[in-house]
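Here is a short briefing for a first look at the structure below. The points are grouped by topic.

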Amino acid sequence: MVNTCVAVIKSSYLSAVMSNVLYPPRQTPYFSSIPLLTISISIVFVLSFLLLSLSLSMASSSSSRNWLYDVFLSFRGGDVRVTFRSHFLKEFDRKLITAFRDNEIERSHSLWPDLEQAIKDSRIAVVVFSKNYASSSWCLNELLEIVNCNDKIIIPVFYGVDPSQVRYQIGDFGRIFEKTCKRQTEEVKNQWKKALTLVANMLGFDSAKWDDEAKMIEEIANDVLRKLLLTTSKDFDDFVGLEDHIANMSALLDLESKEVKMVGIWGSSGIGKTTIARALFNNLFRHFQVRKFIDRSFAYKSREIHSSANPDDHNMKLHLQESFLSEILRMPNIKIDDPTALEERLKYQKVLIIIDDLDDIMVLDTLVGQTQWFGYGSRIIVVTNDKHFLTAHGIDHIYEVSFPTDVHACQMLCQSAFKQNYAPEGFGDLVVDVVRHACSFPLGLNLLGKYLRGRNEEYWMDILPRLENGLRLDGKIEKILRISYDGLDSEDQEIFRHIACIFIHMKVTTIKSLLAESDVSFALENLADKSLIHVRQGYVVMHRSLQEMGRKIVRIQSIDNPGEREFLVDPNDIHDVLNACTVSFFFLKNLSFHDSIYKV
């Protein structure tokens with residue numbers, strides 16, 4: 001019992017140290033000294049969320065559908081069909097970009113309905129303005145249809161014509177346009193004029209600024225490819241903030257480069273890494289000759305067959321490669337007896353391989369050992385919650401998936417609770433309060449939103465006190481969060497529990513001095529690599545969901561007898577245990593206790 005009392009005193013003392021480290025004597029917390037600023041920040045946050053919600057409710061989602069074609073090419077056949085268009089489409093084919101071709105229309109079909117449908121089914125419209133473009137009412141009607149499709153990305157190309165002539169319908173282009181308009185009503189003419197002016201004002205490509213037409217065509221194709229990467233399928237509409245993640249990954253992937261690149265996606269369990277990876281695969285797979293999304297179960301099957309083998313077993317690696325080749329080449333029961341066979345099969349292929357939820361570096365070494373195994377332009381994306389796997393394999397381009405901003409967290413809760421990115425009337429402030437008292441953990445917000453779905457405002461208000469007293473983790477959330485914790489060795493798990501209970505927001509140097517007997521530096525690095533903690537400006541921080549999980553692990557060490565636990569963090573438990581102890585004045589006279597133990 002005496003040992004328990006000493007442990008409680010040590011825990012309380014360290015809690016007091018933690019407070020002094022964060023806010024030394026004579027230095028009151030900055031935010032507490034200026035409550036008006038705090039209130040102002042809260043108001044700004046609420047207003048930002050409400051304004052963004054309003055804009056989202058009014059905006060149409062341009063990425064909410066799946067497209068039949070990547071590109072619709074609008075052009076005047078007599079000017080560019082044999083030259084520019086043929087080279088342009090060839091470059092698209094080389095980059096595996098799907099473009100609509102008007103020669104695909106069956107001869108028995110009416111031409112305009114098929115063209116109109118092809119425009120609607122295309123994600124991007126490339127409009128090639130040439131000298132005689134305006135001589136064709138077909139071209140002008142195509143342009144009008146493109147503009148009227150509000151979900152279309154438009155790229156203008158000025159081929160042998162000055163952009164100002166198109167913009168203002170002047171010069172040779174203007175005279176040809178006026179001649180075409182003689183056969184039309186004034187209303188149609190005005191519609192065409194507005195469409196020409198609108199598109200000509202967009203950022204595009206002017207052939208007069210390029211000495212090499214082939215390079216211009218290649219750059220246009222690269223621009224199309226970049227824009228396609230930023231386009232998400234409707235299957236991922238529910239994932240708030242996905243466009244930002246895709247844009248950040250686009251910069252790392254650098255699809256224009258012919259180099260083979262390996263890129264990592266790293267972050268906490270349940271933060272959305274797999275969704276980001278699947279959205280990337282959905283956007284990119286058409287542009288690669290060979291593509292495969294590998295989840296954890298794929299590698300698990302091979303390891304299950306060779307469960308008694310050591311982790312470096314030659315036959316297990318061969319079986320993994322055989323399964324891999326069978327799937328990506330769509331040839332069942334491939335057999336190989338040499339690990340170099342994988343390289344021989346794929347070194348001339350442009351491949352896209354995504355390895356999701358990686359938990360064994362052997363999988364990396366076996367399936368994507370070196371960049372020279374794959375053809376030019378190949379991309380390998382590895383998803384994991386352990387950064388060490390990436391760095392150990394030489395992957396330097398790593399995208400860290402961070403926790404969402406407050407505004408995005410509110411949108412996530414709304415998406416789950418109301419199936420839209422904004423709060424209905426009367427729920428705006430409640431959404432902000434729930435997020436503020438809960439957490440910004442995407443999986444937690446999703447499950448909490450589903451729990452609150454269909455509930456009235458009174459129920460939302462009633463749940464706030466429960467959230468204020470600490471978020472009770474749903475079993476699904478805890479199971480996912482435990483994956484990284486269970487993968488730690490016992491010493492690292494112990495440091496994790498220390499941080500969750502008493503060292504959170506403490507200086508790294510202070511933690512090292514208090515736990516001098518442990519290899520704290522190594523443990524902190526491991527915890528950071530697994531996204532269980534973050535070190536920011538010399539302080540250790542931990543997400544609230546992970547902190548709650550750590551404290552629950554300690555709590556269940558002895559549910560009925562708190563004195564048997566490793567740490568005590570609940571004021572009531574500390575009070576009860578201290579009341580049950582007989583502690584000498586010698587131990588107590590020079591100790592400072594955290595204020596919270598008196599708030600019983």
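**Salt bridges**

R226 and D223 sit three residues apart in helix α10 (residues 213–229), so about one helical turn separates them. Helices (H or I, at least four residues) and strands (E, at least two) are DSSP runs, numbered from the N terminus. This is a predicted model, in which local features need pLDDT of at least 70 and side-chain atom pairs count only at pLDDT 80 or more, while totals for chains, interfaces and linings use all residues. Residues are numbered from 1 along each chain as its sequence is written, and side-chain values use heavy atoms, with hydrogens and water left out.

- R226 forms a salt bridge with D223, and their closest N and O atoms are 3.5 Å apart. A salt bridge is a side-chain nitrogen of Lys or Arg within 4 Å of a carboxyl oxygen of Asp or Glu.
- Side chains of opposite charge can pair when their charged atoms come close.
- D223 has a relative accessible area of 11%, so D223 is buried. Buried means under 20% relative accessible area, exposed means over 50%, and partly exposed lies in between (1.4 Å probe, protein chains only).
- R226 is partly exposed, at 30% relative accessibility.
- A network of salt bridges links E219, D223, R226, K227 and E256.
- R482 forms a salt bridge with D486, with the closest N and O atoms 3.1 Å apart. Both residues lie in helix α22 (residues 475–486), four residues apart, which is about one turn of the helix.
- R482 is partly exposed at 24% relative accessible area. D486 is partly exposed at 44%.
- K347 and E344 also meet through their side chains in a salt bridge (3.3 Å, N to O). K347 is partly exposed, with a relative accessible area of 25%. E344 counts as partly exposed at 47%.
- Searching the whole structure gives 17 salt bridges.

**Aromatic pairs**

- How many aromatic pairs does the rule count? The count comes to 16. Rings of Phe, Tyr and Trp (its six-membered ring) pair if their centres lie within 6.5 Å; planes under 30 degrees apart count as stacked, over 60 as edge-to-face and the rest as tilted.
- The ring centres of Y69 and F100 are 5.3 Å apart and the planes stand at 70 degrees, so this pair is edge-to-face.
- This pair links distant parts of the chain. Y69 is in strand β1 (residues 69–74), and F100 is in the loop between α4 (77–94) and α5 (111–120), 31 residues apart.
- Y69 counts as buried at 15% relative accessibility. F100 is buried too, with a relative accessible area of 9%.
- F72 and F100 form a stacked aromatic pair, with 5.6 Å centre to centre and 15 degrees between the planes.
- The pair of F72 and F100 also links distant parts of the chain. F72 is in strand β1 and F100 is in the loop between α4 and α5, 28 residues apart.
- F72 has a relative accessible area of 2%, so F72 is buried.
- F84, F88, F92 and Y159 form one aromatic cluster.

**A negative surface patch**

- Which residues form the negative surface patch? D489, E491, E494 and D519 do.
- Patches are made of residues with over 30% relative accessible area and no salt bridge: like charges are joined within 9 Å, nonpolar side chains (Val, Leu, Ile, Met, Phe, Trp, Tyr) within 5 Å.
- E494 lies in helix α23 (residues 490–503). E494 counts as partly exposed, at 34% relative accessibility.

**Positive phi values**

- Most residues other than glycine have a negative phi.
- H505 has a phi near 65 degrees, a positive value in a residue other than glycine. H505 is in the loop between α23 and α24 (508–514). At 38% relative accessibility, H505 is partly exposed.
- S531 has a phi near 60 degrees, again positive in a residue other than glycine. The place of S531 is the loop between α25 (520–529) and β10 (534–536).
- Is S531 buried or exposed? S531 is buried, with a relative accessible area of 2%.

How values were computed: Areas by Shrake-Rupley, 256 points an atom, 1.4 Å probe, with all protein chains shown as cover. Lys, Arg positive; Asp, Glu negative; His and termini not counted. Charge placed at Lys NZ, Arg CZ, Asp CG, Glu CD.
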